[in-house]
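Subject: Structure handover

Hello,

Please find the structure below.

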Amino acid sequence: MSHRTPSGLAAVSAALLAMSRHLEVRDVLKTIVASARELLDAEYAALGVPDDHGGFAQFVVDGVSDEQWKAIGPLPRQHGILAAMLREAKCERLADVRKDPRFEGWPEAHPDMSDFLGLPIRDGDEVMGALFLANKCCPKPEGSCGFTAEDEDLLAILAQHAAIALTNARLYERSRELTIAEERSRLAHELHDAVSQKLFSLRLTAQAATALVDRDPARAKGELQQVAVLAAEAVDELRAAVVELRPAALDEDGLVATLRTQVQVLDRAHTARVTFESLGVRALPAAQEEALLRVAQEALHNALRHSGAEHVAVTLARRDGGTLLRIADDGSGFEPAATRRAGRHLGLVSMRDRAGGVGGRLTVESAPGEGTTIEMEVPGG
């Protein structure tokens, strides 16, 4: 029986602890893949979470650059070896995956792979995903598999812990969804209580003014003045209710984790690739964190709904004693001056107001066909 060295056991322990440390599903997937590749000394590793339509809801790779991944193209379908692992739920250890009768080829930009080790991730009878590695980094005779039975056993241990980590992450995300739903319900009740009576009074007053216009213009004018007062009060009530609604995730997780989670959700929900990078940002005052989050949400909404972008990059970084938020897309872009003249602001006015309200500033760079970059900078962080 072979035994791993203490350093090898420490590496296994570190990998298992890293899996349990993350709460978001995509972070867990990335940690699993990176840990498997490092521990088994493979050139490539990947993990696919299947959907119900013959494809993959998520597919994470390690050992492939962003440029290579983009060149490869769409996510793979559930076919060949991947389909076999998902369907038969058993380990696959192959000397050369290309010579297996189930092999169906891969895209032109796909890296070349030979020896292969794959294992399904299972939770009871449910197959949660497929974890596989290729090209063991070791000397091996022509036509032989570098992956060993010991590697297979280790991958099985990783898969078991991966199932636990994925289950926990799913439960966490589900609890977050429920929290958001509860917060929305609370806001709906508050808006109803705070604003509905004002709007009802406004409607009755407007109707009275309409009836008096012809026979008593003076009284009609008084009623219309009352309409203006009621409308202003309703706006104030609405603003107060919305301002009170600080996103719960900010209080629990802080700006960096909240932004990362929202970007991950958008990346899954849209065809465009949405990425997030944080560079040395510390905690900020609550008002600044909320303003940065709201500006990011508005800018992401514009980029994903209107620009036709293929990639939207969100960056949060320290700069010159302050904190910089940048949302850059490679979409259709626009002419800011022409947009202002046409009365279409794309939320830029509210974004500038939010930035100014916390002592920051907002800049917008865009041109037709050149994409858009929105930056918000605040002091501190």
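A residue is called buried when its relative accessible area is under 20%, exposed when it is over 50%, and partly exposed in between (1.4 Å probe, protein chains only). Helices (H or I, at least four residues) and strands (E, at least two) are DSSP runs, numbered from the N terminus. The model is predicted, so to speak of a local feature a pLDDT of at least 70 is needed, and side-chain atom pairs count only at pLDDT 80 or more, while totals for chains, interfaces and linings use all residues. Residues are numbered from 1 along each chain as its sequence is written, and side-chain values use heavy atoms, with hydrogens and water left out.Overall picture

The protein has ten helices and ten strands. Of its 381 residues, 41% are buried. Taking contact as heavy atoms within 4.5 Å, residues 24 or more positions apart account for 63% of the contacts with a separation of 6 or more. The protein exposes about 20500 Å², and carbon and sulfur atoms supply 53% of this area. Accessible areas come from the Shrake-Rupley method with a 1.4 Å probe, and for residues only the protein chains shown count as cover.

Two strands pair if DSSP finds at least two bridges between them. An open sheet of five strands, paired in the antiparallel sense, has the order β2-β1-β5-β4-β3. Its edge strands are β2 and β3, each of which pairs on one side only. Direction ignored, neighbouring strands of this sheet are turned by 10° against each other on average. For this and the angles below, axes are lines fitted to C-alpha atoms, for helices over the stretch in contact, and angles run from 0 to 180 degrees between N-to-C directions.

Strand β4 covers residues 116-123, and six of its eight residues are buried. With strand β3 (residues 92-94), β4 pairs in the antiparallel sense over three bridges. Across that pairing, E92 stands opposite G118 and R93 stands opposite L117. With strand β5 (residues 126-136), β4 forms eight bridges, also antiparallel. In β5, F132 is the bridge partner of G118. β4 and β5 make a hairpin with two residues between them, and G124 in the turn has a positive phi of about 65°.

Helices across the sheet

Helix α2 (residues 25-39) lies across β1 (42-50), β2 and β5, and runs at about 40° to β2. Helix α4 (residues 80-88) lies across β1, β2, β3, β4 and β5, at about 140° to β5.

How many of the nine residues of α4 are buried? Seven of them are, which leaves the helix mostly covered. The buried residues are G80, I81, L82, A83, A84, M85 and L86. They pack against β1, β2, β3, β4 and β5. Just after α4, A89 takes a positive phi of about 50°.

Aromatic residues

Rings of Phe, Tyr and Trp (its six-membered ring) pair if their centres lie within 6.5 Å; planes under 30 degrees apart count as stacked, over 60 as edge-to-face and the rest as tilted. By this rule there are five aromatic pairs. One of them joins F59 and W69: the ring centres are 6.0 Å apart and the planes are at 0°, so the pair is stacked. Because F59 lies in strand β2 (residues 56-62) and W69 in helix α3 (residues 66-72), this pair ties together parts that are ten residues apart in sequence. F59 counts as buried because its relative accessibility is 8%, whereas W69, with a relative accessible area of 23%, is partly exposed.

The rings of F59 and F132 also pair, with centres 6.2 Å apart and planes at 50°, so this pair is tilted. It links distant parts of the chain, since F59 is in strand β2 and F132 in strand β5, 73 residues apart. Both F59 and F132 are buried. One aromatic cluster is formed by F56, F59, W69, F116 and F132.

Cysteines

A disulfide is a covalent bond between the sulfur atoms of two cysteines. Here the term is applied to a pair of cysteine sulfur atoms within 2.5 Å. How many disulfides does a search of the whole structure find? It finds zero.

C91 counts as partly exposed because its relative accessibility is 22%. C145 is in no disulfide either, and its nearest cysteine sulfur, that of C138, is 8.5 Å away. At 25% relative accessibility, C145 counts as partly exposed.

Regards
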